[in-house]
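Welcome! Here is a short briefing to read alongside the sequence and the 3D view.

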Amino acid sequence: MNAPSLVTTDVDVAIGKLRAGGVVAVPTETVYGLAADASNPAAVARIFAVKGRPIGHPLIVHIADADQLDVWSSDPSSVARQLAANGWPGPLTLIVPRSEQVHDAITGGRTTVGLRVPAHPMTLDLLRSSGLAVAAPSANRFGAVSPTTAQHVLDDLGGVLDPATDAILDGGPCEVGIESTIIDTTVDPCQLLRAGAITADDVVALISDLAPASGPSRSSGMLESHYAPQCAVRLVDTADDAWALRAGTPGAEILEFKDDLAEAARSLYSELRAADTRGAKMLIVVLPSAKGLGHALRDRLTKAAAPRPR
Ligand code: TXA
Ligand code: MG
């Protein structure tokens, strides 16, 4: 059985565990993160062990406000400052030159670091009242579906977290439901490394120029297979295609989103997890159109459907 004592709604309990070098799953508006004190390399190393994440995949540092940009970054560009001023708190991660404050354990030795101010009130309270910054990837086993509830974290990591040192801070279901938009501000023009709820159009409205990911930026952590449930995932363009495929596939189920793409994003990972819980053999997903939030949904679904590493 899972250890129920891992879960708490008390921010001070979470702060105590972080200060003592434990790892704490924290709610954000995007997905739950698995947090450790960013100034404690041993605690950060534990994140990789708990997730089964290969060392060298860089982590995002979550900070309390935009003023912290100058603590965790050295000489961020004016574009980075503008994006921070407009996008934080919110589902936007900025890749900036790292400061000396940032340990190699966080960046995998890169000269850059990803920073974000999350918008969830509990985690903002945690960061602001403790003065801590926390390194945090999504709180799932490496390569699997990200968690959008405390129960998801418990299902995935309940067996590896230690109630004596670690915790899961329950802040309810995540509002956005998919991971933050990532912009590399260290290249000119800036590059979109991961689509999210802040769309490319939103970014262009602020900084006028944005390129797709290419070159060295592309390689870091942008694996083909990711966000994958246990069951096979097949993508189709229309409901008719979905029904045709299902007719010939025992154990297949169909997932089709309504027009409300924000709701689709909010429910995506729960839907993928629920298909596994029901024992579905295959999930046939009707792709949302490539507009607005549809880009981010298509990105996650394409990675969920990609060939899996053995
Ligand atoms: O919404 C989110 O971003 C969530 C919540 C918890 O904040 N976090 C999240 O973290 O999705 P993670 O580790 O699952 O994904 C972070 C991505 C990875 O693809 C990683 O390679 C990329 O950010 N990343 C982090 N630091 C980077 C850097 N310095 N340069 C390029 N990519 C970086
Ligand atoms: Mg992740």
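A polar contact is a pair of N or O atoms within 3.5 Å; within protein, one atom must be able to donate a hydrogen and the other to accept it, and residues adjacent in sequence count only if both atoms are side-chain atoms. One such contact joins the side chains of Asp166 and Arg46, at 2.8 Å. Please keep in mind that this is a predicted model, where local features need pLDDT of at least 70 and side-chain atom pairs count only at pLDDT 80 or more, while totals for chains, interfaces and linings use all residues. Residues are numbered from 1 along each chain as its sequence is written, and side-chain values use heavy atoms, with hydrogens and water left out.

**Asp166**

- Asp166 lies in the loop between helix H7 (150–157) and strand S8 (167–169); helices (H or I, at least four residues) and strands (E, at least two) are DSSP runs, numbered from the N terminus.
- Asp166 counts as buried because its relative accessibility is 0%, where buried means under 20% relative accessible area, exposed over 50% and partly exposed in between (1.4 Å probe, protein chains only).
- Not counting residues up to four places away in sequence, Asp166 touches Leu6, Lys17, Gly22, Val23, Arg46 and Leu161, contact being heavy atoms within 4.5 Å.

**Helix H7**

- The buried residues in H7 are Ala150, His152, Val153, Leu154 and Leu157.
- These buried residues of H7 pack against several elements, including strand S3 (33–37), helix H2 (41–51) and helix H11 (261–277).

**Trp88**

- Trp88 sits in the loop between helix H4 (78–87) and strand S5 (92–97), and is buried, with a relative accessible area of 9%.
- The side chain of Trp88 reaches the backbone oxygen of Leu92 at 2.8 Å.
- Trp88 and Arg116 are 28 residues apart along the chain, and their C-alpha atoms are separated by 7.2 Å.
- Setting aside neighbours within four places in sequence, the contacts of Trp88 include Ile63, Ala66, Leu69 and Arg116.

**Helices H1 and H6**

- The axes of helix H1 (residues 11–19) and helix H6 (residues 121–130) come within 10 Å and cross at roughly 55°; axes are lines fitted to C-alpha atoms, for helices over the stretch in contact, with angles from 0 to 180 degrees between N-to-C directions.
- H1 and H6 are therefore oblique to each other: angles under 35 degrees count as roughly parallel, over 145 as roughly antiparallel, 65 to 115 as roughly perpendicular and the rest as oblique.
- The contact is made by Val11, Ala14, Ile15, Leu18 and Arg19 of H1 and by Met122, Asp125, Leu126, Ser129 and Ser130 of H6.

Technical notes. Chains are lettered from A and ligands numbered from 1 in the order in which they are written.
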